[in-house]
Amino acid sequence: LTQIDSAIGSFHGGFHDGTYGYLVPHFDSSFGSSGKVVRFDLATFSTFEVLDVTDSGMYIDRRKFIDGFTDFEHGFLVPMGTDSRTFVRFSLKDFTIAGVSAVDLSSVSSSGTFKAGVVRVRYGYLFNDDGSVI
């Protein structure tokens with residue numbers, strides 16, 4: 001993967017939509033927080049693409065995630081740590097920065113750390129280590 005992007009470091013989980021696998025960004029190659037999602041073709045395991053949800057650093061709050069999930073139209077990235085409350089959504093069809101949106105969750109959850117996310121029917125849920133569910 002470093003041949004595609006030398007700054008790619010580590011990932012924390014992943015998910016798939018039946019066509020592509022997606023790796024949830026965690027740290028970059030310098031052990032700084034990363035916002036680079038990698039997707040790869042499940043059938044060939046030879047095509048790799050990178051989406052920087054920070055838009056080349058313009059949105060520094062969109063970094064370091066603990067989990068990811070999909071509703072098969074969008075991918076969702078669950079923020080990690082108490083320093084980030086930015087929940088990111090990206091289009092699986094338009095895998096570009098134009099397909100990325102984000103929302104600050106600090107007004108609905110100011111304590112604890114997010115641990116996981118899941119989609120069930122029409123809704124996504126985020127689980128916090130303080131016991132709350134968003």
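Author: Start with contact: it means heavy atoms within 4.5 Å. Keep in mind that this model is predicted.

Reader: Which residues does Ser91 touch, not counting residues up to four places away in sequence?

Author: Ser91 touches Glu73, His74 and Gly99 on that count. Ser91 sits in strand E7. A polar atom of its side chain lies 3.2 Å from the backbone nitrogen of Lys93.

Reader: Is Ser91 buried or exposed?

Author: Buried means under 20% relative accessible area. Ser91 has 14% relative accessibility, so Ser91 counts as buried. Now take Asp55, in the loop between strand E4 (48-52) and strand E5 (65-70). Asp55 has a relative accessible area of 27%, so Asp55 is partly exposed. The C-alpha atoms of Asp55 and His26 are separated by 16 Å, and the two residues are 29 apart along the chain.

Reader: Next, charges. How many salt bridges does the structure hold?

Author: A salt bridge needs a side-chain nitrogen of Lys or Arg within 4 Å of a carboxyl oxygen of Asp or Glu. The structure holds 1 salt bridge. The side chains of Glu49 and Arg39 form it, at 2.8 Å from N to O. Glu49 lies in strand E4 and Arg39 in strand E3 (residues 36-41), so the pair ties together parts that are 10 residues apart in sequence.

Reader: What about Asp17: where is it found?

Author: Asp17 is in the loop between strand E1 (8-16) and strand E2 (20-28). Asp17 is buried yet has no salt bridge. The nearest side chain of opposite charge is Arg39, 5.6 Å away.

Reader: Which side chain makes a polar contact with the side chain of Asp17?

Author: That of Tyr22, at 3.1 Å. A polar atom of the Asp17 side chain also lies 2.7 Å from the backbone nitrogen of Tyr20. Leaving aside neighbours within four places in sequence, Asp17 is in contact with Tyr22, Phe72 and Leu92.

Reader: Now the nonpolar cores. Which residues of the largest nonpolar core touch the most other members?

Author: A core joins buried nonpolar residues through side-chain atoms within 4.5 Å. The largest one has 13 residues, and Tyr22, Val37, Leu51, Val53, Leu77 and Phe90 touch the most other members. Strands E2 and E7 (86-91) are the elements that give two or more residues to this core. Apart from it lies another core of 8 residues, among them Ile66, Phe69, Phe87 and Leu105.

Reader: Which residues are in contact with Leu77, leaving aside its neighbours within four places in sequence?

Author: The list includes Val24, Pro25, Val37, Val53 and Phe65. Asp67, Thr86, Phe87, Val88 and Phe90 are also in contact with Leu77.

Reader: Last, rings. How many aromatic pairs does the structure hold?

Author: The structure holds 12 aromatic pairs. Take Phe90 and Phe95. Planes over 60 degrees apart count as edge-to-face. The centres of these two rings are 5.9 Å apart and their planes are at 70 degrees, so the pair is edge-to-face. Both Phe90 and Phe95 are buried.

Reader: Which residues do ring pairs link into a cluster?

Author: Phe15, Tyr20, Tyr22, Phe90 and Phe95. Two of these names came up with Asp17: Tyr22 through a side-chain polar contact, and Tyr20 through its backbone nitrogen.

How values were computed:
Residues are numbered from 1 along each chain as its sequence is written. This is a predicted model: local features need pLDDT of at least 70, side-chain atom pairs count only at pLDDT 80 or more; totals for chains, interfaces and linings use all residues. Side-chain values use heavy atoms; hydrogens and water are left out. Helices (H or I, at least four residues) and strands (E, at least two) are DSSP runs, numbered from the N terminus. Buried means under 20% relative accessible area, exposed over 50%, partly exposed in between (1.4 Å probe, protein chains only). Lys and Arg count as positive and Asp and Glu as negative; His and the chain ends are not counted. A polar contact is a pair of N or O atoms within 3.5 Å; within protein, one must be able to donate a hydrogen and the other to accept it, and residues adjacent in sequence count only if both atoms are side-chain atoms. Rings of Phe, Tyr and Trp (its six-membered ring) pair if their centres lie within 6.5 Å; planes under 30 degrees apart count as stacked, over 60 as edge-to-face and the rest as tilted.
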